[in-house]
Amino acid sequence: MKRGLIKAKGIFLLIFILLTGVSLSSQELSNKEIRAKMDQAQAFFNEKDYDSAIQILTEILENNPERLDQAVNLMDRILEIRNLYNEKYRELITELYDNENPGKALELIEELEQLEKIPEGEYPVELRNARIAAEFVYNKIALRDMMDEAKSLLDQKDYAGALKLYQTGFNLGRQTYLTANETIVSAIDKSAVPRAINQIYSEALAIVKDEAGLTDQISRFNVSLDTLPAESVAASLSGILEKMEELSARRKEFFDQSSIVDQSLNRIISIDDRAPERFFLDFSKILLFGWTDSDTFEGIISTTDLFWEDLFSSLAGAIDRKLAGTYGDASLAYGNNDLRNAGTSFSHTLTYAVASIRVYNLLYSRITIGPDFSRDLYSSDLIEKYYGSLVDARIYARVTDTFGTMISLRESFVNYSLTGNRSIDDLYNMRRTILSDLPRIDEEETLWATIGSSLNWLAPYNALPEKSEAVYNNVNRELGSLRNEMKGINLSILTRLTDREYSRIETALSGYEKAFSENENLVEGVRDADVIAYTGNSEILSTFPDRALPGLTALRENLDVLLGETESVLETFKSEEILQDEGGKIAEFIDKTERIIPRITALGDDTDNLENRARDNIFRADGFENQGTKQLSEVRTIVNSTRATKESFDRARESLKDANNSFYQSFSLKENLALRKSVDSDLASLQQALIDGENRLVVADVRNFINLGKQSYIDRQYSRARVYMERAQNRWLTTNSEDHPEIQYWMALIDIALKFDQGRTISPTEPLYDEMTQFLNLAFSNFNKGVNLLAGNKRDEAIEAFGQALSNLENVEIYMPRNEDASLLRLRIAQIIDPQQFRASFAERVDSAWKKLQSNSSTSQSEGYGELIDLSRLEPNYPGLQNKIAVAEYDILKTRRRPPDPAKLAESERYYKLALEIVESAQRSSYYLAEQYLDLAISANPENSLAISLKDRIQVDTGGSSTLVLPTALENRFREAQVLYEQGNFFEARFIVNELKKDSRARNYPPLLKLEERLASKGY
């Protein structure tokens, strides 16, 4: 405005100069030049370049004053315009600052700009500032009105109209921006912002116009959802999603371009935050993004966002409705136990859920979340509006998987059918299956618990899902219901298992008890067919601890397993899952099964004890076996020796018996038939070898003892004879099982002699030997004293001494009335005291003794014989006395044999020759007959030395026939008889003895014969 005033003043000065005639130039112009100058001045005037016009007019007036009229006329016109300019300028000041009417001010500014051309770079500062101020206020008001109108168009979804309206707003402040001063120009690229804005607008307009086909496509898709097969949804949706993604990509592109506006604005602000050039950028930013303080979406970018959101919302809504519908159908079918249709519907639900998730995943290309989880308004709005629905879709997708699991579990119910006779394995397999399935419910419930607790995480975003809670509650309700059903099935299976399981445990335990009994019998003793067949003894019991041991070991392991299984079963049946045992059957099963456990434990202890016993028996049996083997080896060494003596044979015999006992002990602890056969063979062969080897010594020893006994008998030393014959008998039985006939012959004679000689002597072995000997000695002493006194004519004293002798003899005769010394001494005393009387009574004494011999009483016969012997010692030549003694010995007492008559001698000789003929013919098989002949020869003539010698020879050649040891089986039977005898079971013992006597191998077994004698003494 100041510049305009200055120009006016210049015109007035020019006029003044002209009027005063002041010469500014001395050069005159020609008319032609003046006309040219005037035309030029008029041209400048027409171009509103008034300063150039005035300059030319001044030049004309200086050189040609006569042209004043023409110049002044044009000057006046210029002056009028200048006056009008000043007047408009003053009005501008008033409207702009006083009336605050930016619209009128802008009109006045435009009028002022129309009144005069402003040269480049000379725009008046005052006018520029006024224009800037007026334009800003005016443009701001215009922009607000434009934004409001565009908002109305957006509300009507006239996105193209809104974009076009926004586009017109880019003229606001553009001129000022484009005429930026050099400082601003150097900081920014003025053309970049308009170019970016035009491109953004073009892209946005193309989206809402060119993509209209997408709207139709989505509409058609939405309509087709009711008829479109679920399996075709994904393919049909893919093209739409690609285009929607493409729109998001294009939005990102022009959203990125919008950064040019921010960058340019920030640069201008950094130079001068009041620079008028920034207003265009401020307005452009608002046109692109809307007002910063607005709570609604507006601007070009939001227009495309709203258009995109319309498409998105339509698409998502249609799919969500279909999703909710199929889920409802699926839930209804599942609730009606229509599992087939439920499975199909849930499959479709998953299809629509996946489609919905795919649609909602489009949001991720439009939502911006900062590192600190900050988000812009658009992102927050999308999250608030749609993220809950995305969660719903994900819940629907997840719930279909859960219901798929539940359908699968329900479909498996058919496998849990308890109809028919299901085996225990089937029942346990069913239980294992259902228990393995129950954790699937746990997993699902855990998952849904996590989902439930996480649903509230969207609360700060105001994006709570609308349908998830209902779905969550429904799926948890169905999971709980299914869990209860499956627990009920499990309870039914367990109930059914009670009978089966108890029966199985009881059957197994009974089987193990039977197995224990069988193994116990093997240890205690059983009848083994092979052993019985070998031994021929049906009563023999055989022990087999070695057979029992593996069975006992396995049994112990089986019992441990059974105990573990039983305890496991009890734990299973006591678990929380069976607390609803309404029928009490499981409680009954638990009670019964708990009572089985002590049986299992007790049987296990018994098995341990029996196993230890079996091991001990095996160990001990092996020890006895080794000991017996060693003892047999010792016997074998002796019998194979050529220098064996009686002592070594005695040792071998004891070793053989010890070996037999060792193997008996071994076989009583552990049967070993192969070893038994081997041992029996060894015992038999070694026994025979031992008897045969020792028999040569035995025959010689027996002959010697017989000869000594015979001589003692002849010498009337009957006790000594008896001792020799007993030695002969014992030595003979060393290798022979039957009595020696010759020994028996002499033993009979000696026993008769001893019988009638019994009591006539005092044996040192008598209990009263010392006392009786003392009385006898006193009697003999008194007798001798009496004899001496009588010889000294001291008859009375002699009679007294004889009386004392008789008194002592009475002490002896009380206990030994037949004592030879006492009887003889009494006779001598009687003979000395009264010889005549004694002689007179001698015949009576002989007759009395002879009468006693004639009686049938052996006692009387013994007394009569003793009396004759005593009398013969006093009067050996008494007539007929010796004859009576001979008759007594030969015919009555038979303590002596009459000398054989010639017929007996001839008979003895004949039998001897028969035997000799057999021996000389070397017919060993007939040796037994030869022995019989020789026995007859010796019986006819006991003094037949040739017969005796030949028999000794045969006995040496044939060997012994005694039984030292029994075969192992017979030894078992014999010992059984011994035990029975000791227990007082005499009848049973006698039965076994009779049984053994039938066996030639045991018939002559000395211990058996002794047992037979003992039984006979008991009356059996």
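Predicted model: local features only at pLDDT ≥ 70, side-chain atom pairs only at ≥ 80, totals over all residues.
Reader: Fine. How many salt bridges does the count come to?
Author: The count comes to 40 salt bridges.

Reader: Let's take Asp305. Which residue does Asp305 form a salt bridge with?
Author: Asp305 pairs with Arg366, and the closest N and O atoms are 2.7 Å apart. The pair links distant parts of the chain, 61 residues apart. Asp305 sits in helix α15 (residues 300-335), while Arg366 is in the loop between α16 (339-360) and α17 (377-411).

Reader: Are those two buried or exposed?
Author: Asp305 and Arg366 are both buried.

Reader: Which residues are linked with them in a network of salt bridges?
Author: The network consists of Arg251, Asp305 and Arg366.

Reader: And what does Thr304 touch?
Author: Leaving aside residues up to four places away in sequence, Thr304 touches Ala204, Ile207, Phe254 and Arg366. Thr304 is in helix α15.

Reader: Why does Thr304 count as buried?
Author: Because its relative accessibility is 3%, and the cut-off for buried is under 20%.

Reader: Where does the side chain of Thr304 reach?
Author: The Thr304 side chain reaches the backbone oxygen of Ile301, at 2.6 Å.

Reader: Ser248 next. Which helix is Ser248 found in, and what does Ser248 touch?
Author: Ser248 is in helix α12 (residues 230-257). Not counting residues up to four places away in sequence, Ser248 has contacts with Trp308, Ser365 and Arg366.

Reader: Is Ser248 buried or exposed?
Author: Buried, at 3% relative accessibility.

Reader: Back to salt bridges. What does Glu309 meet?
Author: The side chain of Glu309 meets that of Lys385 in a salt bridge, 2.8 Å from N to O. Glu309 lies in helix α15 and Lys385 in helix α17, so this pair ties together parts that are 76 residues apart in sequence.

Reader: How do the two ends compare, buried or exposed?
Author: Glu309 is buried, with a relative accessible area of 6%. Lys385 counts as partly exposed, at 41% relative accessibility.

Reader: Now Lys997. Which residue does Lys997 form a salt bridge with?
Author: Glu1012, with the closest N and O atoms 3.3 Å apart. Lys997 is in helix α37 (residues 986-997) and Glu1012 in helix α38 (residues 1006-1017), 15 residues apart. Lys997 is partly exposed, with a relative accessible area of 23%.

Reader: Change of topic. Which residues form a nonpolar patch on the surface?
Author: Leu768, Ile814 and Tyr815 form one, with about 330 Å² of accessible area together.

Reader: Where is Ile814, and why does Ile814 count as exposed?
Author: Ile814 is in helix α28 (residues 795-815). Ile814 counts as exposed because its relative accessibility is 61%, and exposed means over 50%.

Reader: Last one, α7. How many of its residues are buried?
Author: In helix α7 (residues 159-168), 7 of its 10 residues are buried, which leaves the helix mostly covered.

Reader: Which ones?
Author: The buried residues of α7 are Tyr159, Ala160, Gly161, Ala162, Leu163, Leu165 and Tyr166.

Methods:
Residues numbered from 1 in each chain as written. Heavy atoms only, no water. Buried < 20%, exposed > 50% of the residue type's maximum accessible area, 1.4 Å probe, protein only. Helix = DSSP H or I, 4+ residues; strand = E, 2+ residues; numbered from the N terminus. Contact = heavy atoms within 4.5 Å. Patch = residues over 30% accessible without salt bridge, like charges linked within 9 Å, V, L, I, M, F, W, Y side chains within 5 Å. Areas by Shrake-Rupley, 256 points an atom, 1.4 Å probe, with all protein chains shown as cover. Salt bridge = Lys/Arg side-chain N within 4 Å of Asp/Glu carboxyl O. Polar contact = N/O pair within 3.5 Å; in protein donor to acceptor, adjacent residues only side chain to side chain.
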